[in-house]
Amino acid sequence: ETSAKEGLLLWCQRKTAPYKNVNIQNFHISWKDGLGFCALIHRHRPELIDYGKLRKDDPLTNLNTAFDVAEKYLDIPKMLDAEDIIGTLRPDEKAIMTYVSCYYHAFSGAQKAETAANRICKVLAVNQENEQLMEDYEKLASDLLEWIRRTIPWLENRAPENTMQAMQQKLEDFRDYRRLHKPPKVQEKCQLEINFNTLQTKLRLSNRPAFMPSEGKMVSDINNAWGGLEQAEKGYEEWLLNEIRRLERLDHLAEKFRQKASIHESWTDGKEAMLQQKDYETATLSEIKALLKKHEAFESDLAAHQDRVEQIAAIAQELNELDYYDSPSVNARCQKICDQWDNLGALTQKRREALERTEKLLETIDQLYLEYAKRAAPFNNWMEGAMEDLQDTFIVHTIEEIQGLTTAHEQFKATLPDADKERQAILGIHNEVSKIVQTYHVNMAGTNPYTTITPHEINGKWEHVRQLVPRRDQALMEEHARQQQNERLRKQFGAQANVIGPWIQTKMEEIGRISIEMHGTLEDQLNHLRQYEKSIVNYKPKIDQLEGDHQQIQEALIFDNKHTNYTMEHIRVGWEQLLTTIARTINEVENQILTRDAKGISQEQMNEFRASFNHFDRKKTGMMDCEDFRACLISMGYNMGEAEFARIMSIVDPNRLGVVTFQAFIDFMSRETADTDTADQVMASFKILAGDKNYITVDELRRELPPDQAEYCIARMAPYNGRDAVPGALDYMSFSTALYGESDL
């Protein structure tokens, strides 16, 4: 009795727990306000009592409401009196317990519903937890990807700074990113992967489908984005260090430039005024010589400073190449130094010429030497170039090219008379110098200071040029004859290739037409094709002859042929394709004969299949594409949806090439006439086992089918959700369509 009392009390407490102002602790005073009885009724039949209008301070109304409703709608007699309960300090425990037990029995039917509800709540709780994990994953993934998207442009920004301080600040910012900003994101990424794996495990354990994140938010997507971040990070760090090294190098170079520029500017101070003096105009011969010596000493000093000027220019150039921020001022100073240096050089040369003009005889001789050198040097270069050109080997491939070389050679020979005149003029200058030396007894020390080219060398090279000209004539004539022979070989090959190439193409087209025509039986078509194959094989000697011509062309090193668009490789490939096509076509007809004999297909049926196939092969390629095949099936009476058409395409096109061959079409048509099992037939069989119901139970499956097949069906059949469903009902209709690929199993 005590156990029954405690159980009943526990039931009351659980049922009234959601209601405010109701606290059931016993079977006497806890019921005096009447709210406990009303709560029990409202908990199970909320339409009978408007619980929100009840007040704790009106127990009489509450009790009478509960007793009246229980008697009228729940068939529970009035065992208690409302006024007695209110007027008694401690109501009769057994009476209230007896009355409450009537409530328990009246609502016991609802207990099953509560159990079912608890099961549903449990399932929904799992789903809600999983959905929350999914939402958390999506949000965390979105936040992490957004952070990566914002961070990568910052890491990819390669805008350089002008100062070391600015670049060091960038490096410090990058270090802050590595120390402070990135570690939490690394933890988030790790946590994201942990959450994803935990979620997948929970889904798998609760028989739920695996979680597929939104597009672009897979773990692999995040890893790829993270890889891009790390790649940008690596490049950014390398760039920062390179930039700091570059700025360090720039500061060093800039300081070096300023030091060298200052030293040079100090040295050049006053030099322009010194070079512009006219002191040589009143000087004696001995003074002129002294001035010349002094000037020569200055020129030596000037030459010694040439390296410093070049170093200054090189440093300025390097600063420009390294994008030094103050390059304009460096360039301006460098340009000023270079202009001043050029001016110093010009003034130096001008002073030397003025000094030398005072020595008339030496000036005359010097001018003659200079003129000789100026004319001898280009003429010597011309003769060396001519000798090089005349001895240069040539490679030509056409008559036009050799004719061009011959024309150029004739033009060169036409310039020889003028060249001989220039040679005689140069030798005349040298003879004039010799005449002055002999006439005025000038003591000449050494040879011409402006050139090392002697008259003897000029005459020797000129004679060599004259000997090389006829040799060049002979070489050009021999090459012209060889190119004429090559042209004959090109024309011979082109004439044959222009016949054989179209012949192969024509034969390919004829074989294509034969393969889709329906003249005679398959045996007749096979005989026709074999005779055709024999005629093609008999054409082989012409291919061999063309190969011989091609070999001659290769031995002659001929690489192009304007007389034909066909190459030997084109002919070989076409010939091999022709042999392959005729062999494959013969094989297709042989396979059609095998299929016809194995399936018992008559010749009339084969002709009918071929006629249908040819009619819907609109492109005349010997194959139907998907849309042509669909139209063919519809024309033969097939009424199908996308799923059924996909099933048929998987049969006739297992490799998913998007086309249907005639052999596959015959196989399908012959198989369709024999194979009649369909999803509808299996569905009708299940309906018989189910006693004509729209669902089937586990017991019925185990009773009618072998154990292993019954368990197979139970494991894969989805619950039946129709209006006439009973507990444990299974949907055999969706299962049947899934067996034939019309839905997911």
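Which helix holds Val330?

View 1. Val330 sits in helix H12, which covers residues 327-357. Helices here are DSSP runs of H or I with at least four residues, strands are E runs of at least two, and both are numbered from the N terminus. This is a predicted model, where local features need pLDDT of at least 70, side-chain atom pairs count only at pLDDT 80 or more, and totals for chains, interfaces and linings use all residues. Residues are numbered from 1 along each chain as its sequence is written, and side-chain values use heavy atoms, with hydrogens and water left out. Val330 counts as buried because its relative accessibility is 7%; buried means under 20% relative accessible area, exposed means over 50%, and partly exposed is in between (1.4 Å probe, protein chains only). If you skip the neighbours within four places in sequence, Val330 is in contact with Phe257, Ala316, Leu319 and Tyr324, contact being heavy atoms within 4.5 Å.

**View 2. The whole chain, for orientation.** You are looking at 27 helices and four strands. Of the 745 residues, 36% count as buried. Take the contacts with a separation of 6 or more: 74% of them come from residues 24 or more positions apart. Mean pLDDT for the chain is 81, and 88% of the residues reach 70 or more; pLDDT is the predictor's confidence in each residue, on a scale from 0 to 100. Among the elements, helix H23 (residues 662-674) has the lowest mean pLDDT, 70, and helix H3 (residues 59-73) has the highest, 93.

**View 3. Helix H1 and its two faces.** H1 runs over residues 2-16, which makes 15 residues. From first C-alpha to last it reaches 21 Å, close to the 21 Å expected at 1.5 Å a residue (the expected span is 1.5 Å times one less than the number of residues). Which residues of H1 are buried? They are Leu8, Leu9, Trp11, Cys12, Lys15 and Thr16. They cover an arc of only 155 degrees around the axis, so they sit on the same side of H1; the arc is taken from the directions from the helix axis to the C-beta atoms. As background, an α-helix has 3.6 residues a turn, so residues three or four places apart point the same way. Turned away from the buried side of H1 is a face with the exposed residues Thr2, Ser3 and Glu6.

**View 4. Asn62 tucked into H3.** Asn62 belongs to helix H3. Is Asn62 buried or exposed? With 1% relative accessibility, Asn62 counts as buried. A polar atom of the Asn62 side chain lies 2.8 Å from the backbone oxygen of Arg55. Beyond the neighbours within four places in sequence, the contacts of Asn62 include Asp33, Gly34, Leu35 and Cys38, along with Leu54, Arg55 and Lys56.

View 5. Leu368 is part of helix H13 (residues 360-391). Its relative accessible area is 9%, so Leu368 is buried.

**View 6. Aromatic rings.** The whole structure has 21 aromatic pairs. Rings of Phe, Tyr and Trp (its six-membered ring) pair if their centres lie within 6.5 Å; planes under 30 degrees apart count as stacked, over 60 as edge-to-face, and the rest as tilted. Tyr695 and Tyr720 make a tilted pair, 5.4 Å centre to centre with 35 degrees between the planes. The pair links distant parts of the chain, 25 residues apart: Tyr695 is in the loop between H24 (679-689) and H25 (698-704), and Tyr720 is in the loop between strands S3 (718-719) and S4 (730-731). Tyr695 is buried at 8% relative accessibility, and Tyr720 is buried at 15%. Elsewhere, ring pairs tie Phe27, Trp31, Phe37, Phe67, Tyr99, Tyr103 and Phe107 into a cluster.

**View 7. Two aspartates with positive phi.** Asp75 is not a glycine, yet its phi is positive, about 60 degrees. Asp75 lies in the loop between H3 and H4 (82-87) and counts as exposed at 68% relative accessibility. Asp692, also a residue other than glycine, has a positive phi near 70 degrees. Asp692 is in the loop between H24 and H25, and its relative accessible area of 60% makes Asp692 exposed.

Notes:
Polar contact = N/O pair within 3.5 Å; in protein donor to acceptor, adjacent residues only side chain to side chain.
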